[in-house]
Amino acid sequence: MSANVYVEAQMLIRKPVEEVFEAFINPEITTQFWFTKSTGKLEENKTVTWEWEMYGAKSKVKVLKIIPNQLIKTEWGDPAVNVDYEFKKMEQGTLVVIKSYGFAQTGQDLLKVMNDNTGGFTTVLDGCKAYLEFGIRLNLIEDKFPQK
């Protein structure tokens, strides 16, 4: 593994921390800005499957730890990486920080996966902000890699 290498994306979402946290654990909300299907709500020590139907892609997501309104620690992907979602109550709303680490790749492959993670999680946060603050579904994930 590439020690001490991580990707971080963050965004202030102008909503209460409880509402933003719920958006990441409850697939009824998350499907409005990220994946299209989930086998269930995120719960500690549970594994769910997320699906992006437009790409024919699925990923098993193992939930390692949940601290309500503060932290969701997961492991997912192939090869598996750790992805932490941190929630910090701010005067203007909630700061969400997504950290991805534990990459198996090295060299150019590591650079590519880091770039993909940075762009992907930034897109997720942008879509979440638009949906929670303004009720707008931007379809960012679907439009990121449009099919013919």
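**A close look at one pair**

Reply: Let us start with Glu86, which is partly exposed at a relative accessible area of 26% (buried means under 20% relative accessible area, exposed over 50%, and partly exposed in between, with a 1.4 Å probe and protein chains only). Glu86 and Lys99 form a salt bridge, and their closest N and O atoms are 3.6 Å apart (the term stands for a side-chain nitrogen of Lys or Arg within 4 Å of a carboxyl oxygen of Asp or Glu). Glu86 sits in strand E6 (residues 81-90) and Lys99 in strand E7 (residues 93-101), so this pair ties together parts that are 13 residues apart in sequence. Strands (E, at least two residues) and helices (H or I, at least four) are DSSP runs, numbered from the N terminus. Glu8 belongs to the picture too: salt bridges with shared partners join Glu8, Glu86 and Lys99 into one network.

A word on the background: this is a predicted model, where local features need pLDDT of at least 70 and side-chain atom pairs count only at pLDDT 80 or more, while totals for chains, interfaces and linings use all residues. Residues are numbered from 1 along each chain as its sequence is written, and side-chain values use heavy atoms, leaving out hydrogens and water.

For context, the structure holds eight salt bridges. Another of them joins Lys41 and Glu22, at 3.4 Å from N to O.
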